[in-house]
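Me: I'd like to learn how to read salt bridges in a model. Can you walk me through it?

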Amino acid sequence: MNTPTESYRIVVIDDHPLFRKGVVQLLGLNPQFEVVGEAAGGVEGVKIVADTQPDLVILDLNMKDMDGIATLKEIKLLDLDSKVVMLTVSDDSRDLVAAVRAGADGYLLKDMEPEDIVARLSEALDGQMAIPERLGRALAVALREDDTSDRNQQISHLTEREQEILQCLAQGLSNKLIGRQLGIAEGTVKVHVKSLLRKLSFRSRLEAAVWAVENGIKY
């Protein structure tokens with residue numbers, strides 16, 4: 001776990017050289033971020049992520065050699081603790097849902113203000129929902145229309161602690177704040193989050209949080 005004096009290690013994967021360099025420079029202005037690798041494509045990016053095991057991966061959606069969704073899936077197969085946030089020009093709800101279903105921890109747009117991007121990346125690293133409000137609404141609608149499973153019944157399979165943590169996710173709380181609120185260690189929170197995602201067939205805490213909010217699950 002990073003202490004306040006440590007920086008978060010980041011890999012940037014984007015096939016547009018100028019934009020990629022701009023993101024690297026933007027992150028370099030913040031002492032909490034350390035860019036440990038950058039790649040112009042998904043194949044190279046997955047290798048760098050495997051080698052560096054960063055805290056955060058910033059990933060473009062549309063790339064030539066391997067698209068962002070395929071790259072995201074490959075990164076998730078590495079089974080690291082790395083957060084993955086999409087940074088793209090696409091605000092299409094289909095792309096958004098595909099990314100979240102593939103395990104994305106956030107979805108940001110390239111036309112956002114630089115300071116907003118930095119703030120959202122910090123939220124993702126803290127375990128919160130890194131997604132603009134307008135996209136959050138679109139995601140909720142899309143997930144509701146696309147949801148064929150009866151998760152309301154599946155909730156009964158969660159332990160009492162997992163249900164409490166799901167309620168905390170609906171509030172957008174980070175693992176650290178969930179641990180503080182429930183009086184348990186941050187590492188224990190991570191274990192419970194992984195378990196409830198598996199039981200409810202969610203690929204990411206972002207998907208779980210949006211679904212929980214939509215279904216009125218409150219603490």
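**Reading the salt bridges**

Reply: Start with aspartate 60: at 3% relative accessibility, it counts as buried (under 20% relative accessible area; exposed is over 50%, partly exposed in between, with a 1.4 Å probe and protein chains only). This is a predicted model, where local features need pLDDT of at least 70, side-chain atom pairs count only at pLDDT 80 or more, and totals for chains, interfaces and linings use all residues. Residues are numbered from 1 along each chain as its sequence is written, and side-chain values use heavy atoms, with hydrogens and water left out.

Me: What does aspartate 60 form a salt bridge with?

Reply: A salt bridge is a side-chain nitrogen of Lys or Arg within 4 Å of a carboxyl oxygen of Asp or Glu. Here the partner is lysine 110, with the closest N and O atoms 3.4 Å apart. Lysine 110 sits in the loop between β5 (106-109) and α5 (114-125) and aspartate 60 in the loop between β3 (56-59) and α3 (68-77), so the pair ties together parts that are 50 residues apart in sequence. Those helices (H or I, at least four residues) and strands (E, at least two) are DSSP runs, numbered from the N terminus.

Me: Is lysine 110 buried or exposed?

Reply: Buried, at 17% relative accessibility.

Me: How many salt bridges turn up in the whole structure?

Reply: A search finds 11. One of them joins glutamate 162 and lysine 199, at 2.9 Å from N to O. That pair links helix α8 (residues 160-170) to helix α10 (residues 186-199), 37 residues apart. Glutamate 162 is buried at 4%, while lysine 199 is partly exposed at 25%.

Me: Which residues do shared partners join into one network?

Reply: Asp14, Asp60 and Lys110.
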